Amino acid sequence: MDTPIRVGVYGAGRGAHLGSVAQKVGMKLVAICESFGPLLNRVRKKSFAGEDITYYRDYDKFLDHDLDAVIVANYATEHTSAVIKALAADKHVLSECMAMFTMAEAVQLVEAVEASEKVYFFAENVPFNAQCLEMTRLYKNGDMGDFLYGEAEYIHPGTPQSLATLVSGPSHWRAWIPVTYYCTHSLGPVMMVTDTRPVKVNGFLVPYDFNDPKKTGGISKRDTASILMCTMDNSALAKIMPCASLRDHGYRIRFCCNKGTMEYNQGQPQLRVHREPFDFDPPKEANTFYMPEFPEEFKQAATTGHGGADYFCAYYFAKAIREGSTPLIDVYKAIDMTSVGILGYRSALQGGIPLEVPDFRDKTVRETYRNDDWNPDPARHREGMPFPSILGDIPISDESMKRFDELRKAHVEGMN
Ligand SMILES: NC(=O)c1ccc[n+]([C@@H]2O[C@H](COP(=O)([O-])OP(=O)(O)OC[C@H]3O[C@@H](n4cnc5c(N)ncnc54)[C@H](O)[C@@H]3O)[C@@H](O)[C@H]2O)c1
């Protein structure tokens, strides 16, 4: 029996969930760090009541705890410094999305991981849902032929009410992050199913919608949607839509290959595999629809979040630690997946010009980006830095702000 990996969680929202998933793959959750009192209390009293877990509000003190590994699930724009600190404290790291917020941070991240002897695993989970795993199997078997064109949409609209459950105020990343940035749930499946990486990106934006009361009635400054047209390293094109707030919900992922097409649309959870009769003698059935299942050894995954996908992140993280093997989603893939969101925004603000997606496996490429701290954080805004929307600084009305404060207060009171 393996000695349990002692794991701590940094950020008790998503992090608490990942902590409980980590327990299912044989890790021992021993510490949680969370600065927001009501959330810390709720997790202590409800999610992990009676368990032998030490709670911290301070990350440095948390890192002094006797831990083998840290799940970094703090604010999405602040992962890099947290990961670097954890590696420096000799901990393995499972990092939530995004991997970094600027290209300069990508350089810092890759160099910190390379300098460390610890595992860095990027917790991009969508490639591990049952449909994506089946598409990976079909593609790797050679059943679909070569990847030519793909689409991957992640659509997640919100309301002023739902936003108030997720953000503490207008400075919280979810209230302003540009729509291209949260791109790994769209590009991740493309990269992992087809084993390709992006080499070029062109970005396009659907701006903030002043005619949508669900937008103007809230405090989000985010545009509506974006398309990132990625050229992959096998010359395929992948049209990805990161976390858009359209009137739809879920994932739509499609791969057109030279022996057929496979498609997953969350509105219809069955996978569709299409083949042209002229490609086969005797002809195959043109369309097959089926619900893929997890392989037998992963049946337990179905009981965890995001259709079981979260289980695989924890499982492969633990496996890389135990075996000392290369993580399935390593730092190079993490940077590839995340940088198209940053560079795609930069492209969109310049009318969709093509921008190279650097491959940080090549150390010489890094110099171009070492000091590139271009970022849309309103709190760090200065000349030369973009606003989070292509339309500039989106105003929040006094009325929307007042409404948010009321909704937020009610949400926080309800946490007790
Ligand atoms: N892969 C997925 O499906 C998925 C789903 C949800 C969230 N996420 C990711 O998980 C991360 C966390 O998201 P979330 O939904 O929990 O929302 P969030 O970003 O609001 O949560 C971050 C948590 O970290 C805590 N925190 C931040 N700075 C801290 C500090 N200095 N000390 C102690 N605690 C601190 C905050 O209080 C907060 O509770 C984000 O990166 C997000 O992108 C991923």
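Pro-282 sits in the loop that links β13 (268-274) to β14 (287-290); strands here are DSSP runs of E at least two residues long, helices are runs of H or I of at least four, and both are numbered from the N terminus. The peptide bond between Asp-281 and Pro-282 is cis, with omega at about 0 degrees. This is a predicted model, so local features need pLDDT of at least 70 and side-chain atom pairs count only at pLDDT 80 or more, while totals for chains, interfaces and linings use all residues. Numbering starts from 1 along each chain as its sequence is written.

There's another cis peptide bond to look at, joining Cys-97 and Met-98, with omega about 5 degrees. Met-98 belongs to the loop between β5 (92-95) and α5 (103-115). For background, most peptide bonds are trans, and most residues other than glycine have a negative phi.

On the phi side, have a look at Asp-90, a non-glycine residue whose phi is positive, near 70 degrees. Asp-90 is in the loop running from α4 (79-88) to β5. Is Asp-90 buried or exposed? Asp-90 is exposed, because 12 other C-beta atoms lie within 10 Å; the cut-offs are 12 or fewer for exposed, 20 or more for buried and anything in between for partly exposed, with C-beta atoms placed from the backbone. Cys-243 also has a positive phi, near 20 degrees, but this residue is in a strand, β10 (residues 237-244). Cys-243 has 24 other C-beta atoms within 10 Å, so it counts as buried.

Now for the sheet. Six strands form an open sheet in the order β3-β2-β1-β4-β5-β6, with parallel pairing (two strands pair if DSSP finds at least two bridges between them). β3 (54-56) and β6 (120-122) are the edge strands, each with a single partner, so one side of each has no neighbour in the sheet. On average, neighbouring strands are turned by 25 degrees against each other, ignoring direction. Inside the sheet, β1 (residues 5-10) runs parallel to β4 (residues 69-72), and four bridges join them. Within this pair, Tyr-10 stands opposite Val-72 in β4.

Next, the ligand. Which residues are closest to it? Gly-11, Gly-13, Arg-14, Ser-35 and Ala-76 are, out of 18 residues that surround the ligand, where a residue is near if its C-beta atom, placed from the backbone, lies within 6 Å. That shell splits into nine nonpolar, six polar and three charged residues, with Ala, Val, Leu, Ile, Met, Phe, Trp, Tyr, Cys and Pro counted as nonpolar, Asp, Glu, Lys and Arg as charged, and the others, Gly among them, as polar.

Over to the helices: α1 (residues 14-24) packs against α10 (residues 309-323) at about 65 degrees, with the axes 9 Å apart. Axes are lines fitted to C-alpha atoms, for helices over the stretch in contact, and angles run from 0 to 180 degrees between N-to-C directions. From α1, Leu-18, Val-21, Ala-22 and Lys-24 meet Asp-310, Tyr-311 and Ala-314 of α10; contact takes C-beta atoms, placed from the backbone, within 7 Å. Those contact residues divide into five nonpolar, no polar and two charged.

Last stop, Tyr-332 in helix α11 (residues 331-348). Tyr-332 has 18 C-beta neighbours inside 10 Å, so it counts as partly exposed. Leaving out residues up to four places away in sequence, Tyr-332 touches Phe-360 and Arg-361. The C-alpha atoms of Tyr-332 and Leu-109 are separated by 9.6 Å, although these residues are 223 apart along the chain.

Terms used:
Two residues are in contact if their C-beta atoms, placed from the backbone, lie within 7 Å.
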